[in-house]
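Here is a short note for a colleague coming to this structure for the first time. Please read it with the model open beside you.

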Amino acid sequence: MKMSLTTGAYEARSVIASAQRCVNLFPEANPSDSEFPTTHHLTPGLIKRASAPLKGFRGLYTATSGDLYAVVSTGLYRIANDWTFTLLGSLATSSGPVSMRDNSLTLVVVDGSEDGYMVDLTTYEFAKIDEEAFYGSPCISILNDFLIFNQPDTRQFYISGALAVTFDSLDIVSKNGAPDKLVATAAIAGAVWLLGERTTEVWSPSGADDFAFQRYPGVLIHQGCSAPASVATIDTSVYWLSDGADGQGMVFRSSQMSALRISTHAMEAEIKSYARIDDAIGYCYQRDGHIFYVLTFPTADKTWCFDLATGQWHERLWMDAAGALHRHRGNCFAQWNRMQLVGDWETGDLYEMTPDAYDDAGHDMLHIRSWPALSNEKKRIFLDRFSLDMEVGEIPVGEDEPQVRLRWSDTRGRSWKNPVSRGLGARGQFGHLVRFNRCGQSRERVFEVSWSAPVKTALNGAYVDAELGA
């Protein structure tokens, strides 16, 4: 019997529906003539590239000039090609996400307070924005050379001058489709998305002299935003964690002028159990044809990741020395010098995030995958052998043979048997089949495998030798 894997993480509200986990693995569809429909590949590992003088990355940004900027605690830094950090100035706040954008001349930084900061991209001169018509913002967007801000705790958004960091008290308007306050803005595909507490509307360039944008007629989306830092853009889409009268804690992606729900019922049930979700942080990136939206809940200590290529979710988690799983180390993201970089939320470490690394900067990365429940109309099943189809035999010279662990549940995921281990094969044993014998009997069985290995591996699926009973 062949056991394929076709869905992502799905631990349903009731375990009788599903008890699947997918941790630090993501599926990729195989050609139609393949034995298994998908292969689960490892999520990228981390390589430490540098350490900042302070601790706690709050933002990373690659400017149009090609320079890399970072906010770590109170410090705004420029990072050179040799990974040295040059302090440009200090922020009044020391924690919480920041937003950075530039208009090709000046970099602007905001942190959700009434303050804002700017850096000349040629001279690297740092200054606090000192204009009467600047009101602060939790985020910045840019469209048609205008920097776009939303005034905290109001319905209003305002813009800078074109290619300038100057402000006119008349260049401010209100989100007007509904009375809820504005949470964040996002510019994508020639339009500005205004995400409020309960509703979202879309504005487009107007060409008018009095204000550069106008509301797109007939568009009012009854889904707001729970967390301003959860808003992320890539390609032609906006991603965000929702709020609104129709439900809180769902995840949406824009689709033309509407919102498409991408979270699952099970994921939404878990999100609603979190003590806090307004601090969620999101970013998007593309790798090998997969567009990923990474969503971290700092208070809940959990990171989820959506893969647009398959429409499936998986968990991205970091394992400490005691074996406990936590949110991913990356708190912010930037693409720079053909590298994908993330900054550590706790330390001052800056990492390259790459599929060529198989651990998290020296810490073992744990991969977990469980199967849908195996049953036959609740009749007894005698399970003689469980065999994994994995990529094996890649052990570096001098390394111990990595182990893969199997555990199972006969209570639909409520309780688990102690795990048993088998080797992933010696170096060069590319045809090695990982087998677990004498797996007992059950009326309904959930299998789960896990492993940590500093080598390239992948999981296709499994085979089960079974006999049916009464």
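1. Which way do the residues of strand E40 (residues 367–370) point, and are they buried or exposed? The model is predicted, so keep that in mind throughout. His367 and Arg369 point one way from E40. Ile368 and Ser370 point the other way. All of them are buried.

2. Next, the partners of E40. Strand E4 (residues 22–23) runs antiparallel to E40, and two bridges join them. Here Cys22 has Arg369 as its bridge partner. E40 also pairs with E47 in the antiparallel sense, over four bridges. In that pairing, Ser370 has Glu448 of E47 as its bridge partner. Arg369 and Ser370 point opposite ways from E40.

3. Now strand E30 (residues 290–297). How many of its eight residues are buried? Eight of the eight are, so E30 is largely enclosed by the rest of the structure. Both faces are covered. On one side sit His290, Phe292, Val294 and Thr296. On the other sit Ile291, Tyr293, Leu295 and Phe297. The cut-off behind this is a relative accessible area under 20%.

4. E30 has a neighbour in strand E29 (residues 281–287). The two pair in the antiparallel sense over seven bridges. Gln286 has Ile291 of E30 as its bridge partner. E29 and E30 form a hairpin with two residues between them. Check the turn: Asp288 there has a positive phi of about 55°.

5. E30 also pairs with strand E31 (residues 302–307). The two run antiparallel and are joined by six bridges. Leu295 stands opposite Trp304 in E31. This hairpin has four residues between the strands. Asp301 takes a positive phi near 60° in it.

6. On to charged pairs. Side chains of opposite charge can pair when their charged atoms come close. The model has 20 salt bridges. One of them joins Glu346 and Arg329, at 3.0 Å from N to O. Glu346 lies in the loop between strand E36 (339–344) and strand E37 (349–354), and Arg329 lies in the loop between strand E34 (325–327) and strand E35 (330–336), so the pair ties together parts that are 17 residues apart in sequence. Arg329 is buried, with a relative accessible area of 5%.

7. Another salt bridge joins Lys379 and Glu377. Their closest N and O atoms are 3.9 Å apart. Lys379 counts as partly exposed, at 35% relative accessibility. Glu377 is exposed, with a relative accessible area of 65%.

8. Which parts of the chain does the pair of Glu391 and Lys456 link? The closest N and O atoms of this salt bridge are 4.0 Å apart. The pair links distant parts of the chain, 65 residues apart. Glu391 is in the loop between strand E42 (381–390) and strand E43 (403–409). Lys456 is in the loop between strand E47 (444–451) and strand E48 (458–468). Both count as partly exposed: Glu391 at 26% relative accessibility, and Lys456 at 44%. Elsewhere, salt bridges that share partners join Arg21, Glu270, Lys302 and Glu315 into one network.

9. Look next at the largest pocket. Its volume is about 1300 Å³. It is lined by 48 residues, and Val98, Ser99, Arg101, Val231 and Gly282 are the closest to its centre. Elements that give two or more residues to the lining include strand E12 (99–102), strand E20 (182–188), E29 and E35. E8 gives the most, with six residues. By class, the lining has 25 nonpolar, 15 polar and eight charged residues.

10. Last, the second largest pocket. About 330 Å³ of space lies in it. Of its 16 lining residues, Phe26, His41, Leu42, Asp288 and Pro355 lie nearest the centre. Asp288 is also the residue with a positive phi in the turn of the E29 and E30 hairpin. Strand E5 (25–29), strand E6 (38–42), E29 and E30 each supply at least two residues of the lining. The lining divides into seven nonpolar, four polar and five charged residues.

Technical notes: Residues numbered from 1 in each chain as written. Predicted model: local features only at pLDDT ≥ 70, side-chain atom pairs only at ≥ 80, totals over all residues. Heavy atoms only, no water. Buried < 20%, exposed > 50% of the residue type's maximum accessible area, 1.4 Å probe, protein only. Pairing = 2+ DSSP bridges. Salt bridge = Lys/Arg side-chain N within 4 Å of Asp/Glu carboxyl O. 1 Å grid on protein atoms, 1.4 Å probe; cavity = no way out; pocket = protein on both sides within 12 Å on 5 of 7 lines; lining within 4 Å. Points joined across faces, edges and corners; volume = space filled by probe spheres on them. Nonpolar A, V, L, I, M, F, W, Y, C, P; charged D, E, K, R; others polar.
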